[in-house]
Amino acid sequence: MTSPTTTVQILLLTAVTVSAVQRLTITPERGTSIKILSTVKSSQGKGCNVCARVGASQRCDAFLLLKDGSPASVEFQCSRPQDVFSVEIVRNIECTTKSCSSNIVQADSGSRPLVDFNRKFIWILKASAPKAIRIDFSNAGLRQIEASERCPDRHSYILQAFQAAETVAIGTYCRVGPVSNAQILNHGSFSVDVPAGQGLINDQFGVSVGEEIKSLAKLILRLPTGTSSSELLSPNYPESFPDDDVMEWYFQVPDKHRTTVQLLNLTQPRCLKKVTAVEYNSSWGGASVRRLTDPQPDQTMGSFSLTLRNCEMDRRRASSPGLSLSLKVLSSSQSSPVACKADASRMDGLSLHIKKLRPAPGCLMKIDSVPKEVIAVTTNAVLSFQGCLPEHVQITAMKVIECRQLKDCPKSPSRLSVPPLPACLPAPLTSVTWTFHLPHDGAVELTSPMGNLKQSLPGQPCNDSIIIKVVEEDGNTIGLFCPQGPIQNVQVHNNVSVTLSNMEGKTLRMPVLIAAIKEEIPERYIFNVSPKKDTPVLLATPGWPKGMKAYSTVSWVIAVPARMEAHLMFANLSQPKCSNRHTNIRVQRVGSLEEDYSRREDEEADREIVVSESFYLNMSNCMPERGGFGVVTEITLQKSANLLLTIILSVVAVLLVIFVIVLVAVCVVIRKKKKKLNHQVSIYNPNGTSFLPGHKGFPETHEDNEHEYASIEDTLVYTHLLRRGGEMGIYDTYRPFAGCSESQKPPESKDGRADGSEQEPRVSGEQAPSLPMRPLSHNRSLVDNVIYRAEDDPSEEEWPLNPGPRLEPEGGN
């Protein structure tokens, strides 16, 4: 372990001036190096070198490096070397993942004879990945200035970050300010510049292992109590911030204080990739991303972080100056009320509700100068808040969408979006609720433009995403959903409320949901689901885990691509004791009138079901006497196990067809040959004379017969016997090949059980079959809707169905 002092221990043994030559004997401390550098141009500094004598040898140059604790005699060959040379005293500090080798200690005890030189004390800092290295300035703090400015005590502190391609200046600072500590990623330096004739102020800064930061550097600022203004600069200011890089500042704001952020002196680059942006994160307001030209947060409460992000810049053009800015943060206490204007025209029909969560004597809320404990904003109003912290109040928004008859309902879908609210509100928006009051023959369809939905279930959480809660008018929860899932849409035949929560101040630039009012549907709930390959999907019945409502029905329309099969498992199944009717779980393939699987509450369900086509999963509840009907179904798409068998059978079928064609050709040739021989047949004569039929009489002499046969074919001799055998049925006649008929194999369960019958011909991609026939849960007849369409004649046994266009699920190829 080295000495706690971090400056060089300089021992002045002799200092004499002889013929304009100054001599010093210097012994650097172990672990410290001394660099003496010429700071002037070669022409101006000509004839003034620094020489070092070690033993009997001497070397003179414009640069001298002393290290390793070896004493050296230093000689300056001019009368005023302090005008030509400057001194750098360098020390290394390395950190492991747990600790660092030393702190930064400023001491000037042994360098007083060098006080006439400009000196820079440098500490090279190196962290152990993935941790950063942290410097603590909490004693007095630092205040950022421009590089050209000078500090009152003539001590300038500089932070730098070393990257593979360049050195980045994080900033130049003076003593006493809001910067309490700094963290540098991987490798950097901290230095203090002391001008000639100025003694070094003794001080100490702690060095420790920092966080796993993702930015170039991170500065932590502690804002003072009362009114204050803090100014910060982007790295390398006024030059450009590094290409495609990130810088972070964290502001610790006192209680009952509000802050306002301003971006000044902004220059922006031309971007090749990504965009420049500033991101805000707070413990109470979540995350929001804004363009650099957007209005920045005003009169917000609580601590927050600010992250500056640069793009990949186009520096080839002179008109692209790069990214640079100055950042100003104003802070003030809440001793006086803060006025806040609410503009109803910008709230998209939402009413704003503000109420106190608990007694807070220091929190005073007013609307149009009237004190209130609960505030409802439906029109333009002037609000006032004094001493109200985010934990004191709750802010929600509501909107009602209603129509008495279906023809009066909105024809175009409603975009359920969160409008921007005044930044002067004392807390972020907690939730937004849209309530639908529909006629009895209406239904609402919900889709998400942010990506398909998924249910929030144990084993399938939504993590930090927003939560969408769909509730019926009687308070029964249909389910909790969030974006990025397999559910394409949700249809509900009832009045429902949709509540968006867990926003945590997130800025949502697009609608969260799109709601369309449709004609009634054949089930109480319908979900269209498009799973992905090898990604298990969990689907729970409405009301889970409590159970479905009595006599209610639900259908999931599951899309299965070609060459894939769906594996169904009932991961969590609870059955009630029914007093009337039965519960039922059914699986029916699209295009088939027969059920492939059906189980009641008094029958044991299969462990796993495999379906190789798109299908319906239907469930219906009875009137429970005890217990509830709830099911969590796990669906996984996999490549069809029968694909190889199908290929083999296809090859065999092709070979069989080729064989049949060859066989038919052979038979045709033989038949033609037989037909020709029926008109020209030789007759055997034991007397040695043969004749052809049709000639008049027999030849009288051998000379009259000009044909002689060396041999006679059996077929020519016994043709009459073959004809007679055919008439008697002894020989089979040839029948042409009529082709093969192939039946469709129904889904099989893993326990070997097969349900269902041969499949009906599958409909085209533009038409899909309706849901299986069952009584409507709401005692209405089946009518057209986006997924299912009944024929004009309901007496027909086969209903062509039209669920409308659906996205092709992933994993089909």
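**Aromatic pairs and a nonpolar patch**

At 2% relative accessibility, F76 counts as buried. That is where I'd like to start. Keep in mind that this model is predicted.

Who is the partner of F76? The ring of F117. The two ring centres are 5.6 Å apart and the planes sit at 35 degrees, so we call this pair tilted. F76 is in strand β6, residues 72-76. F117 is in the loop between β8 (104-106) and β9 (118-126).

Next pair: F137 and F190. Their ring centres are 5.6 Å apart, with planes at 35 degrees, so this pair is tilted. F137 lies in the loop between β10 (132-136) and β11 (142-145). F190 lies in strand β15, residues 187-194. The pair therefore ties together parts 53 residues apart in sequence. F137 has a relative accessible area of 2%, so it is buried. F190 is buried too, at 0%.

W123, F137, Y157, F190 and F205 form one aromatic cluster. Across the structure there are 13 aromatic pairs.

V651, V654, L655, I658, V662, V666 and I670 make a nonpolar patch of about 600 Å². Take V651 from that list. V651 is found in helix α1, residues 643-677. Its relative accessible area is 45%, so V651 is partly exposed.

Key
Residues are numbered from 1 along each chain as its sequence is written. This is a predicted model: local features need pLDDT of at least 70, side-chain atom pairs count only at pLDDT 80 or more; totals for chains, interfaces and linings use all residues. Side-chain values use heavy atoms; hydrogens and water are left out. Patches are made of residues with over 30% relative accessible area and no salt bridge: like charges are joined within 9 Å, nonpolar side chains (Val, Leu, Ile, Met, Phe, Trp, Tyr) within 5 Å. Accessible areas come from the Shrake-Rupley method with a 1.4 Å probe; for residues, only the protein chains shown count as cover. A salt bridge is a side-chain nitrogen of Lys or Arg within 4 Å of a carboxyl oxygen of Asp or Glu. Helices (H or I, at least four residues) and strands (E, at least two) are DSSP runs, numbered from the N terminus. Buried means under 20% relative accessible area, exposed over 50%, partly exposed in between (1.4 Å probe, protein chains only). Rings of Phe, Tyr and Trp (its six-membered ring) pair if their centres lie within 6.5 Å; planes under 30 degrees apart count as stacked, over 60 as edge-to-face and the rest as tilted.
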